[in-house]
Each structure stands twice: as C-alpha cells, then as structure tokens.
Amino acid sequence: MKQTLLLVLMFCLIVLIPSAIAQEDDTRQLNVRITVEPDEIPQGRMGMIRVLPLGDVEIVSIQATFLGKVFDLYPSLDGDWVGFLGVDMSATRGEQPLDVYITVEDDPQPYRERLNVPVVWGAFTYQDIVLPNNLVPLLDRDVNQAELNELVRVYDRITGERFFNFFTSPIEPPVIISEFGGIRDYNNGAL
C-alpha cells in the first residue's frame with residue numbers, strides 16, 4: 001500500500017506538476033505595442049488602450065479584461081486596435097491587472113499580454129444638498145433602487161457594434177452645472 005502511494009506521488013511530481021506549470025507559462029511572443037492613456041486612471045474616469053501590430057502581424061480579434069469586465073477592442077482607421085477602460089468611482093486604488101487576449105490569423109489560441117494599470121484617487125468633490133419637505137419623497141430608497149437597477153442594466157450592456165465615431169458635447173456651448181463624479185449628500189444623509 002505504501003509503495004503504491006509512493007508511486008502515485010512520484011508520478012504526480014514527475015508528470016502532472018511540470019505539465020501544469022507549462023500550461024500556465026505562456027512564453028509565446030507577439031510583435032505588438034500596447035499602450036494605455038493616461039498613464040494612471042483616476043477613479044470615476046476612463047482611459048484608452050491601444051494595440052498596434054508591428055511587422056506582419058494579422059490580428060483577427062482582441063478582447064481584454066480589466067476590473068472584472070470583459071470587453072472587445074476595435075480596429076481604428078490608424079491601423080491599431082482601441083478600447084476604453086472604464087474605472088468605477090469605487091474601484092480599488094493601486095496597480096490593477098489588464099489582460100489582453102490577441103487572436104491572430106492562422107492561430108486559434110490567443111496570445112495573452114498582461115499590463116498593470118495604476119488606478120488613483122478620483123479627487124471627487126462633495127456637495128451637501130438640502131431638499132424642501134415636498135421633495136423628500138424623492139429620497140425613498142425603493143424609488144432610487146429601481147432607478148439604479150435600470151441604470152446598471154443600460155450601462156452594463158456591451159455590443160459588438162460600435163455606435164460612435166467621435167465624442168462631442170451634446171449642446172454647444174457645453175453647459176456644466178457640476179463636476180463629474182461629485183459625491184452628493186441629501187438632507188444630512190437621508191440618501
């Protein structure tokens with residue numbers, strides 16, 4: 001019995017463990033340049049990832065994962081592939097892994113590249129807003145939760161089709177009533 005157990009243990013050490021390590025160690029190299037702009041992304045803001053193929057690399061598709069979300073990159077008119085890195089206001093600060101999976105022509109196994117993207121404090125403003133008594137029902141948690149659920153449904157939708165060509169202000173001149181990402185407190189913490 002001890003000999004059988006010893007043989008099984010030796011088999012695991014000699015055959016299974018090295019093959020498991022080899023599967024995790026992807027040493028294949030792909031001739032691309034990956035950049036993230038800006039160098040560090042504040043909470044509540046957005047960054048852009050660009051993947052530029054160098055030489056004769058024929059990219060078929062690119063997917064990436066960042067902060068628990070999977071998203072596609074799209075080819076641009078400049079010959080690179082681009083995608084947006086959205087950082088929630090509550091995202092953990094510090095170095096966050098960005099995994100980029102690049103599929104090339106004639107190779108179904110995607111190449112994986114990993115970068116660490118610094119997420120920094122969002123420097124949010126704080127507003128204390130006092131609502132009159134007739135508007136206090138608007139602070140009802142159930143009413144607000146339904147709206148938040150709807151917003152999450154809309155914002156979490158990812159499609160394969162690109163719905164933009166460029167970004168611009170919806171009105172000219174832009175009217176800014178408050179900074180993006182401000183933290184609001186209503187009636188001393190009622191909501």
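I take two strands as paired if DSSP finds at least two bridges between them, strands being DSSP runs (E, at least two residues) and helices likewise (H or I, at least four), numbered from the N terminus. The model is predicted: local features need pLDDT of at least 70, side-chain atom pairs count only at pLDDT 80 or more, and totals for chains, interfaces and linings use all residues. Residues are numbered from 1 along each chain as its sequence is written, and side-chain values use heavy atoms, without hydrogens and water.

**Sheet.** I looked up the strand order and found an open sheet of five strands, E2-E9-E8-E4-E5, with mixed pairing. Its edge strands are E2 (41-42) and E5 (69-72), each pairing on one side only. Strand E4 (residues 59-66) pairs with E5 in the antiparallel sense over four bridges. Ala64 stands opposite Phe71 in E5.

**Salt bridges.** I searched the whole structure for salt bridges (a side-chain nitrogen of Lys or Arg within 4 Å of a carboxyl oxygen of Asp or Glu) and found four. One of them joins Asp99 to Arg112 at 3.0 Å, N to O. Asp99 lies in strand E8 (residues 94-104) and Arg112 in strand E9 (residues 107-120), so this pair ties together parts 13 residues apart in sequence. Arg114 also forms a salt bridge with Asp99, the closest N and O atoms being 2.7 Å apart.

**Helix H2.** I noted a further salt bridge between Glu150 and Arg153 (2.7 Å, N to O). Both residues lie in helix H2, three residues apart, about one turn of the helix. I then returned to the shared partners: salt bridges join Asp99, Arg112 and Arg114 into one network.
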